[in-house]
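Colleague: Please put the model on screen. I will ask about its confidence, its fold and a few of its residues.

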Amino acid sequence: MLLLIGGGVATASWLATGTGAASAAATTVQNLVVSTAAPTATLYPKPAGGYSNPATGTVVATVDNPNPFR
C-alpha cells in the first residue's frame with residue numbers, strides 16, 4: 001500500500017505543470033582560505049608507542065569558506 005501511495009505521489013509531482021515568472025542567478029565562487037592553526041587535540045588513531053616526532057600525525061590547519069553558500 002505504501003509503495004502504491006509513494007508511486008502515485010512521485011507520478012503526480014513528475015507530471016505537475018505550472019505557470020508564472022521565475023528567475024535564477026549565479027554567483028561567483030570564491031576560493032577556500034586555508035591557513036595554519038594551533039592543534040587543539042591529538043589525531044587518532046595514534047600508535048600505541050606514540051610517534052617518534054610529536055609533529056608527526058598532527059593536523060594544523062583551518063579552512064574558511066567565504067562563499068554565501070555552505
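Modeller: A note on terms comes before the questions: pLDDT is the predictor's confidence in each residue, from 0 to 100. This is a predicted model, in which local features need pLDDT of at least 70 and side-chain atom pairs count only at pLDDT 80 or more, while totals for chains, interfaces and linings use all residues. Residues are numbered from 1 along each chain as its sequence is written, and side-chain values use heavy atoms, with hydrogens and water left out.

Colleague: What is the mean pLDDT of the protein chain?

Modeller: In the protein chain, 76% of the residues reach 70 or more. The mean pLDDT is 77.

Colleague: In which element is confidence highest, and in which is it lowest?

Modeller: Helices (H or I, at least four residues) and strands (E, at least two) are DSSP runs, numbered from the N terminus. The protein chain has 1 helix and 2 strands, in the order α-β-β from the N terminus. Confidence is lowest in helix 1 (residues 2-15), with a mean of 69. It is highest, at 94, in strand 1 (residues 33-35).

Colleague: What percentage of the residues in the protein chain is buried?

Modeller: Buried means under 20% relative accessible area, exposed over 50%, and partly exposed in between (1.4 Å probe, protein chains only). Of the 70 residues in the protein chain, the buried ones make up 3%.

Colleague: How much accessible surface does the protein chain have?

Modeller: Accessible areas come from the Shrake-Rupley method with a 1.4 Å probe; for residues, only the protein chains shown count as cover. Carbon and sulfur atoms account for 63% of the surface. The total is about 6400 Å².

Colleague: Is asparagine 67 buried or exposed?

Modeller: Asparagine 67 sits in the segment after strand 2 (62-64). Its relative accessible area is 5%, so asparagine 67 is buried.

Colleague: Which residues outside its sequence neighbourhood does asparagine 67 touch?

Modeller: Contact means heavy atoms within 4.5 Å. The side chain of asparagine 67 reaches the backbone nitrogen of glutamine 30 at 2.7 Å. Not counting residues up to four places away in sequence, asparagine 67 touches Thr28, Val29 and Gln30.

Colleague: With which side chain does the side chain of asparagine 65 make a polar contact?

Modeller: A polar contact is a pair of N or O atoms within 3.5 Å; within protein, one must be able to donate a hydrogen and the other to accept it, and residues adjacent in sequence count only if both atoms are side-chain atoms. Asparagine 65 is in the segment after strand 2, and it counts as buried because its relative accessibility is 18%. A polar atom of its side chain lies 3.5 Å from the backbone oxygen of phenylalanine 69. The side-chain partner, at 2.7 Å, is asparagine 67.

Colleague: How far apart in space are phenylalanine 69 and threonine 27?

Modeller: Phenylalanine 69 is partly exposed, with a relative accessible area of 39%. Leaving out residues up to four places away in sequence, phenylalanine 69 touches Thr27 and Val29. Phenylalanine 69 and threonine 27 are 42 residues apart in sequence, and their C-alpha to C-alpha distance is 9.8 Å.

Colleague: Is valine 63 buried or exposed?

Modeller: Valine 63 belongs to strand 2. Its relative accessibility is 56%, so valine 63 counts as exposed.
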